Amino acid sequence: MSEATARNRHSELWLSALGSVRERVGQVPHFNHSGRIVRATGLVLEAVGIRLPLGSNCLIDITEPHTEAQHRVAEAEVVGFGADKLFLMPLGDIEGLVPGAAVYPLDRDGERNGKRYPVGAELLGRVLDGFGNPIDGRGPPLRCKYRPAVPEPINPLSRKPIESQIDVGIRAINALISIGNGQRMGLFAGSGVGKSVLMGMMARYTSADVVVVGLIGERGREVKEFIDRNLGPEGLQRSVVVAAPADASPLQRLHGATYATLLAEEFRDMGYNVLLFMDSLTRYAMAQREIALAIGEAPATKGYPPSVFAKLPALIERTGNGAVGSGSITAIYTVLTEGDDQQDPIADSARAILDGHIVLSRSLAESGHYPAIDIEASVSRTIDSIIPEQQYRQALRLKQNYSVYRRNHDLISVGAYAQGHDEKLDAAVARYPKIEAFLQQGVGERASVEESAAALARVMEGA
């Protein structure tokens, strides 16, 4: 090789290396965007000097400049904007924040490259917070996939129809308020009527492949109690629990519900039949109300801004059956009825969106009737297409007998009832002890779909 050729070859190598370096340097931002905090009121911080899209995350420098205090930052999310101001909601403690504190984008170039959450079968048996961080002391999950918080919606025309019944292990539900694979049900209850115990029984006894539990906005004490006492080791083994208790920030409670739904969607896409519990939908709505009111949205119905009623169907419609070849998500959302008021705006809105509702009665609970399911007020909108016609007729007949007896209970109690005057009432009185025994079930007792149907047939024999 001649000397000139060698020099040319050497120059080409240098130019190639220089081009590679230039390309890498060109990818580095020329400056670091930052803004500053100008106002802090209630739950919301206002920042100027920085532009970020809704849903983006940023870091706030809590430490006061020119001090020897330990450097500390807090993460916040963009929840709104107005004119040149961003409205931020912190995800953690911001004690010590000073006016003019610096704000930096957490996502590169100010873009939200997606809150991504861990999903997959490796999370079975784990307990996580609303952002996907483990809180069970077992370290970070390994070999997990990560998915964005809100996937693409499913075309409603591509969903499989609800054709089969899911076994939840509760006799009254399996026989009288039958739930289909892919159905969305509401569990309407006041405080202290046994909804957590009922959920725990269904989680242990269900025929679903996987159980996802979202404990949103409930008391922190109840999280451990539900896992240890209601769910138990057997139930936890095939479950994933997402806990965002009442003392968590409104954003964490909101993301907790989204994350629990995302986990269920991943298992559905893997072909599993999933049972999703969300306890509670009311606390999710309250978290959105806190955020919306803090950024200035006007209240509409009983203090709830319009965005709350837009969020509910967006969350619920992500569950249900997937496309042909995938699994299903059967979702049960608990709805707190304040003072047992069934016309609460959240309860009323949820009832219109869901495919049925199970109502727990305080009067039944106070009389020692467990589970305290009010079968007169409860309904499944798919029951006639997922159970045999004979069982459907028997279920209707039992409800009629129960309703007739309850309406005439006072007359019977005072001895004003005389047999032979009303054929329907006579049948109801004769059958009521069997009906009451049928509707009650011990916590340690499991009743399969087949056993529930057989028990119903025995109660209604001859009807």
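I count two strands as paired if DSSP finds at least two bridges between them. Helices (H or I, at least four residues) and strands (E, at least two) are DSSP runs, numbered from the N terminus.

I am working on a predicted model, where local features need pLDDT of at least 70, side-chain atom pairs count only at pLDDT 80 or more, and totals for chains, interfaces and linings use all residues. Residues are numbered from 1 along each chain as its sequence is written, and side-chain values use heavy atoms, with hydrogens and water left out.

**Entry: barrel**

I looked up the sheet order and found a closed barrel of six strands, β1-β2-β5-β4-β3-β6, with antiparallel pairing. From one strand to the next the twist averages 45°. I then checked β3 (residues 57-61) against β6 (residues 102-105): the two run antiparallel and are joined by three bridges. In this pair I noted C58 opposite P105 of β6.

**Entry: helix packing**

Two packed helices are described by the angle between their axes and the distance between the axes. I take axes as lines fitted to C-alpha atoms, for helices over the stretch in contact, with angles from 0 to 180 degrees between N-to-C directions. Angles under 35 degrees count as roughly parallel, over 145 as roughly antiparallel, 65 to 115 as roughly perpendicular and the rest as oblique.

For α3 (residues 195-205) and α4 (residues 220-237) I read an angle of about 55° and axes 8 Å apart. The two helices are therefore oblique to each other. In contact (heavy atoms within 4.5 Å), I listed S196, V197, M199, G200, A203 and R204 from α3 with F226, R229, N230 and L231 from α4. I sorted residues by class: Ala, Val, Leu, Ile, Met, Phe, Trp, Tyr, Cys and Pro as nonpolar, Asp, Glu, Lys and Arg as charged, and the others, Gly among them, as polar. The α3 contact with α4 has five nonpolar, three polar and two charged residues.

For α11 (residues 389-407) and α13 (residues 423-439), the axes come within 8 Å and cross at roughly 105°. These helices are therefore roughly perpendicular to each other. The residues in contact include L398, Y402 and Y405 of α11 and L425, V429, I435 and F438 of α13. By class I have 11 nonpolar, one polar and three charged residues here.

**Entry: second largest pocket**

I used a 1 Å grid over the protein atoms alone; a pocket is an open set of points where a 1.4 Å probe fits, with protein on both sides within 12 Å along at least five of seven lines, and lining residues have an atom within 4 Å of a point. The second largest pocket has a volume of about 390 Å³. I found 21 lining residues, with G192, K195, S196, R219 and E222 nearest the centre. α3 and α4 are the elements that give two or more residues to this lining, and α4 gives the most, with seven. The lining divides into six nonpolar, six polar and nine charged residues.

**Entry: backbone checks**

Most residues other than glycine have a negative phi, and most peptide bonds are trans. I noted the D279 to S280 bond as cis, with omega near 10°; S280 sits in the loop between β13 (273-279) and α6 (281-294). The bond joining Y370 and P371 is also cis, with omega about -10°. R143 has a positive phi, near 60°, and is in the loop between β8 (127-128) and β9 (145-148).

Key. Points joined across faces, edges and corners; volume = space filled by probe spheres on them.
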